[in-house]
Amino acid sequence: VILPEYQELMEAFGYSALTESDPEAALATIVRTPEIKVLVTDLKMAKMDGIGLIDAVRANVAPDRNIQFIVVSGDAARRSLLDDPDIPVLLKPLDLDAFLSAIRKAMADAQ
């Protein structure tokens with residue numbers, strides 16, 4: 001599981017981060033935690049893929065929360081499944097500079 005590494009990286013750069021390994025739990029956390037501004041999700045997950053999670057967040061969270069999304073994927077072919085050009089898709093293994101740049105931009109856009 002790489003989630004703890006993402007959390008440690010974000011916290012090392014001054015961001016608060018929560019992790020959920022289950023997309024349904026992630027959705028519940030996002031819905032009940034108004035401070036969440038950015039969702040980083042993988043495209044391929046059990047139960048619900050990243051696109052489904054993004055759609056569920058959009059359906060269950062008021063638009064004025066302005067949650068930003070970042071997608072990571074180990075499968076370059078799957079990135080074409082995401083039809084929103086405003087959502088960055090980062091390929092694994094992650095380039096740390098690109099990841100942090102995407103986080104900074106998403107946080108700025110969430111304001």
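Predicted model: local features only at pLDDT ≥ 70, side-chain atom pairs only at ≥ 80, totals over all residues.
Let me start with Asn-66, which at 30% relative accessibility counts as partly exposed, where buried means under 20% relative accessible area, exposed over 50%, and partly exposed in between, with a 1.4 Å probe and protein chains only. Asn-66 sits in the loop between H3 and S2, and although it is not a glycine, it has a positive phi of about 55 degrees.

Residues are numbered from 1 along each chain as its sequence is written, and side-chain values use heavy atoms, with hydrogens and water left out. The helices (H or I, at least four residues) and strands (E, at least two) are DSSP runs, numbered from the N terminus.

Lys-47 also has a positive phi, of about 70 degrees, without being a glycine; this residue lies in the loop between S1 and helix H3 (50-60), and Lys-47 counts as exposed because its relative accessibility is 65%. For background, most residues other than glycine have a negative phi, and most peptide bonds are trans. With that in mind, the bond from Lys-92 to Pro-93 is cis, with omega near -5 degrees, and Pro-93 belongs to the loop between strand S3 (89-91) and H4.

Now to the helices: how do H1 and H4 pack? Helix H1 (residues 3-12) and helix H4 (residues 96-110) pack at an angle of about 65 degrees, with their axes 12 Å apart, and that makes H1 roughly perpendicular to H4, a term covering angles of 65 to 115 degrees. In this packing, Tyr-6, Leu-9 and Met-10 of H1 meet Leu-96, Phe-99, Leu-100 and Ile-103 of H4, where contact means heavy atoms within 4.5 Å.

Tyr-6, Leu-9 and Met-10 are also buried in H1, and seen down the helix axis the buried residues fall within an arc of 95 degrees, so they line one face of H1; the arc is taken from the directions from the axis to the C-beta atoms. Their cover includes strand S2 (68-73) and H4, whereas the face turned away carries the exposed residues Glu-8 and Ala-12. After H1 comes Gly-14, with a positive phi near 90 degrees.

Key
Axes fitted to C-alpha atoms, helices over the stretch in contact; angles between N-to-C directions. Parallel < 35°, antiparallel > 145°, perpendicular 65-115°, else oblique.
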